[in-house]
Amino acid sequence: MIIVDKALEAREHAANSIRVGVIGAGFMGQAVTRQIHSLTVGMTVAAVANRTLERAAQAYQGSGVNDVITVNSRQELEVAIQSSRPAITDNPLLLCEADGIDVVLEATSTIELAAQVSLSAITHGKHVILVNAELDGSLGPILKVYADRHNVTFSTCDGDQPGVEMNLYRYVKMIGLTPLVCGNIKSLLDHYRTPSTQEAFAAQWGQNPVMATSFVDGSKISFEQAIVANATGMSVLKRGMSGIHYEGNVDEPDHLAHYDIDTLRAHGGVVDYTLGATPRPGVFIVAAQDEDAPAKTLQARNLALFKMGDGPLYCFYTPFHLCYFEAAMTVGRVALFGDTSATPLGKPMVDVVATAKRDLQAGEVLDGIGGYCAYGQCENANVAYQDNLLPLAMSQNCLLKRSVTKDSVIRYDDIDLPQGRLSDRLRAEQNDTFFAVGASTTTN
């Protein structure tokens, strides 16, 4: 990643900045716009799209930019880009279609709209970066298929846990060890939190109560770990992950003792989380030497010399994740080198399934991610497909045909889907592509 800064400096000196279109001007969209527009050389935010123009303008105002132009057509946007005039619009598809935008950064925290704009950007030849773990963890594999077809790059974003985990994963592999656990460190998890319980916290930090709920009810971490699983080929040991409770540092032997190396190897590695451990809010990788590695004994001795412990499992961690602060790194990686923070390898490995927060009654309409009805749990994708389990990301506005008891996973058989959603069509295509008889296991 360090090479990106010098490459961006060269673009700045050549007056050839990467032009980014930001879709969504909520907490993350505004923060990313400020970070890129004010503090990053070699790139600029050419346009911001949001359903309310006031919020789109605020994204620029945070960078001290007040002279923005409102555009209502592709032609108007292209003229604004050519004249280096920051533009705002309430039509996100304009950013996907217009010439002059190199990278579309999707930050809406939606599913249906995000699916529409991501697919449109890809088919119009734009690289796509998601600041949207919910979409990525649900439809990332099929969107990667489309990205490959159109010769563009599809990536999650640095700074959020999946990106930080994948950077550490690549580092560990590069020094000759085999990652066996990709882990997320959590301080709180309560499946039954709701927007009502999280309202005060959300107000304190300028966040949406629904999004704040997804952080603590287990949904967000499930989507994040699904992204990592899909990018590494790993799975989960059980529905909901193991979720080790440990009050110490993740590299301590007592923490590592929770994992059995033979079980991890048999699964091809797993994604997981640890609750209560330090350093928070970091991520960790548990790795081992390859069983057939040359000089294995000498390497083990030297790992002990360098204070990594006696093995056979070794723990590496990053003690922080800085969200939008690191987003510009992904823009540089994608636009300059075709490199990704994380992207699906091919066949989905882990899915996030909708699980009832309370007893749900027939006739109720599900309210989606971070709501009052359901929380998300990781499940191996082949199990989710075989058992017809409803992905949490697809649950918004679904009508329950039958009652579902608290903590039961909701199935497609239990609901009626809304009509005409692109996200459902893409989900069906993803299943057909990867799970139907004779389907390919990779996108290549």
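Is Glu78 buried or exposed in this predicted model? Glu78 is buried, with a relative accessible area of 17%.

**View 1. A salt bridge joins Glu78 and Arg74 within helix H4.** The side chains of the two residues meet at a distance of 2.9 Å, N to O. They lie four residues apart in helix H4 (residues 74–82), a separation of about one helical turn. Whereas Glu78 is buried, Arg74 is partly exposed, at 35% relative accessibility.

**View 2. Seven strands form an open sheet with parallel pairing.** The strand order is E3-E4-E2-E1-E5-E6-E7. Strand E3 (69–70) and strand E7 (154–156) stand at the edges; each has a single partner strand, so one side of each lacks a neighbour in the sheet. Two bridges connect E3 to strand E4 (residues 87–89) in the parallel sense. Thr70 has Ile88 in E4 as its bridge partner.

**View 3. Asp351 and Arg427 form a salt bridge.** The closest N and O atoms are 2.1 Å apart. This pair links distant parts of the chain, with Asp351 in strand E13 (residues 350–356) and Arg427 in helix H17 (residues 422–434), 76 residues apart. Both Asp351 and Arg427 are buried.

**View 4. Asp190 forms a salt bridge with Arg193.** Their closest N and O atoms are 3.0 Å apart. Asp190 is partly exposed at 26% relative accessibility, and Arg193 is partly exposed at 23%.

**View 5. Tyr171, Met174 and Ile175 form a nonpolar surface patch.** Together these residues have about 370 Å² of accessible area. Ile175 lies in the loop between helix H8 (161–174) and strand E8 (177–186), and is partly exposed at 40% relative accessibility.

Conventions
Residues numbered from 1 in each chain as written. Predicted model: local features only at pLDDT ≥ 70, side-chain atom pairs only at ≥ 80, totals over all residues. Heavy atoms only, no water. Patch = residues over 30% accessible without salt bridge, like charges linked within 9 Å, V, L, I, M, F, W, Y side chains within 5 Å. Areas by Shrake-Rupley, 256 points an atom, 1.4 Å probe, with all protein chains shown as cover. Salt bridge = Lys/Arg side-chain N within 4 Å of Asp/Glu carboxyl O. Buried < 20%, exposed > 50% of the residue type's maximum accessible area, 1.4 Å probe, protein only. Pairing = 2+ DSSP bridges.
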